[in-house]
Amino acid sequence: MIKKKLIRLMAVGIMLIAPIFVFSPDIVWGLSGSKVFEQNCGKCHLPRQPQERSDKQWKMIMAHMRVRANLTAEESKAVLEYLQSSN
Amino acid sequence: MRRGFIICSLMLLVSFSIRAAFADGVDDKLKSLEQQMKALQAQINELKAQREADKQEITSLKAEAEEKGLEGILEMPENSGVMITGYIDLEYKDAQNAVSSFDNIHFEPIFLGMVGDNLLTEVALEWEHGGEEKAEVEYAQIDYLFNDYITFVGGRFLVPFGVYNERLHPTWIAKLPTRPLPENDIVPVGWSEVGVQLRGAVPLRINLPFTEYAKLDYTTYVINGLEGTEGAGIRDLRGNTRDNNQNKAVGGRVGLTFLPHLDLGFSWYKGDYTTTNNRDLTMLGLDSAFYWDNLTIRGEYVTADQEVGALSGLTDLKKEGFYVEGAYFLSAIPLPFMNKTELVAQYSEENLDTFSTSTQLLDSSDKHRWALGLNYYIKDAFRFQMAYNFNAEDKGTKTKDNEVIARLALGF
């Protein structure tokens, strides 16, 4: 019963959502790395100070956060560049 | 007379000879000593130069070590590295029906190791209650960033059902010291399982008011799954490192994010939770969060259907609950302490069918809680929390068990 409900719910969701989105891998937001950092990281915790870590450490942390928070590759790259240029 | 002259001459001759002989020996010695002195002076000069060079090298190494920190010691190739992060907390709780106590609930170091640009290992060890319990592996996973849109995860990982379990439960992140009710009894937070996972995110071209950009993220997994006694509480089904029923559980989450203001997510989980009886546990969840300046409102809803024995005449156990949490950061108030303070209010409730394995009786446990609290941020990842929980049972003895909790939490 729940399985049927689940399939129906997913089908309806996809039908509603699909027409208004177009997958866009080359999207350019024009947002600065600091803005992406503030908007994404600040959702769950206060953004950390760039000076807290070295370039290499930020690289590891951003790989960790890309997985944990499902950041896009572009978001992850933009935030990493901001952190490494500000520490 | 002549004889005396000869004797004197001989004596003088002997005297001069002896003197000459001594004089030759002293000169040789002096020359030898002079050479030794010169050699010693050269050695001293050489040692002085060496000492100066050593001093310069030590100064240079010190500067390099300070600059690189731990990496100076754990020197690794350019694209690889190891680091430790994590969190620790201290709590004081005074509840109506319990003895007040300090409790060092969590110490959780997290080890990150990166090999190249796209391979990461994450290992979180967890000591609870000041080491009262054995250290446990909360997660130990390999993340392979296959391309921009797909990441493979394998190992023991936090189950991405909703967002509280995977992202919000660490004590330096959670807005309140206690978890919302359904995030303890239905989604058994601190829930990690062994298996494999695919996940990722794609940017979306969308033009909606108040939206700077949007993205779709997904996670799907196959795991050993929750397993244990038929009809047991879901929380008691955790902790299986190996599958024992030839049935893998599957699940996932799909999220839509409209930055910077809105997150939406849908989660599912399904698996046989018994060893031999083929009883399924199915869970569905919705999560959402809204952000506007200093205000965050988030909530999650979860429903679970837990099959129990048909012979007992009982139907499936239904379990559902939700929470809504609002947090407002007082950073706009230009006062020394107020601008680092966050006010939090949370309401959560759950309605659980319960099953007694001994009496085979069906019962229910319904609870709700109001929680009011504040966070004072001493530093970005170091804060003091204070909360008062109004706990109430809506069925049975209707016991009230209010509690006040103070907590220091540090993310490092």
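**Words and their cut-offs**

Guide: Let's start with a nonpolar surface patch of about 870 Å², made by B:V115, B:L119, B:I142, B:Y144, B:F146, B:I150, B:F152, B:V196, B:L198, B:V222 and B:V250. This is a predicted model, in which local features need pLDDT of at least 70 and side-chain atom pairs count only at pLDDT 80 or more, while totals for chains, interfaces and linings use all residues. Residues are numbered from 1 along each chain as its sequence is written, chains are lettered from A and ligands numbered from 1 in the order in which they are written, and side-chain values use heavy atoms, with hydrogens and water left out.

Visitor: What makes B:V196 partly exposed?

Guide: Buried means under 20% relative accessible area, exposed means over 50%, and partly exposed is in between (1.4 Å probe, protein chains only). B:V196 has a relative accessible area of 39%, so it is partly exposed. Patch residues need over 30% relative accessible area and no salt bridge, and nonpolar side chains (Val, Leu, Ile, Met, Phe, Trp, Tyr) are joined within 5 Å. A salt bridge is a side-chain nitrogen of Lys or Arg within 4 Å of a carboxyl oxygen of Asp or Glu. B:V196 sits in strand 7 of chain B, and strand 5 and strand 7 (192-205) of chain B each supply at least two residues of the patch.

Visitor: Why is A:N70 called buried?

Guide: A:N70 has 2% relative accessibility, which is under 20%, so A:N70 counts as buried. Its place is in the loop between helix 3 (55-68) and helix 4 (73-86) of chain A. The phi of A:N70 is near 50°, a positive value in a residue other than glycine.

Visitor: And B:Q246, is it buried or exposed?

Guide: With a relative accessible area of 78%, which is over 50%, B:Q246 is exposed. B:Q246 lies in the loop between strand 8 (213-223) and strand 9 of chain B. It has a positive phi of about 55° although it is not a glycine.

Visitor: Why point out such angles?

Guide: Because most residues other than glycine have a negative phi, and most peptide bonds are trans. There is a cis bond here too: it joins B:L259 and B:P260, with omega about 10°. B:P260 is in the loop between strand 9 (249-259) and strand 10 (262-272) of chain B.

Visitor: What makes a space a pocket or a cavity?

Guide: On a 1 Å grid over the protein atoms alone, a cavity is a set of points where a 1.4 Å probe fits but cannot get out, while a pocket is an open set with protein on both sides within 12 Å along at least five of seven lines. Lining residues have an atom within 4 Å of a point. The largest pocket holds about 1200 Å³, and its 49 lining residues include B:H129 and B:R179, among those nearest its centre. The whole structure has 4 cavities of 30 Å³ or more, and the largest cavity holds about 820 Å³.

Visitor: How many residues of each class line the second largest cavity?

Guide: The lining has 6 nonpolar, no polar and 3 charged residues. Ala, Val, Leu, Ile, Met, Phe, Trp, Tyr, Cys and Pro count as nonpolar, Asp, Glu, Lys and Arg as charged, and the others, Gly among them, as polar. Among the lining residues, A:C44 therefore counts as nonpolar and B:K175 as charged. The helices (H or I, at least four residues) and strands (E, at least two) named along the way are DSSP runs, numbered from the N terminus.

Technical notes:
Points joined across faces, edges and corners; volume = space filled by probe spheres on them. Patch = residues over 30% accessible without salt bridge, like charges linked within 9 Å, V, L, I, M, F, W, Y side chains within 5 Å. Areas by Shrake-Rupley, 256 points an atom, 1.4 Å probe, with all protein chains shown as cover.
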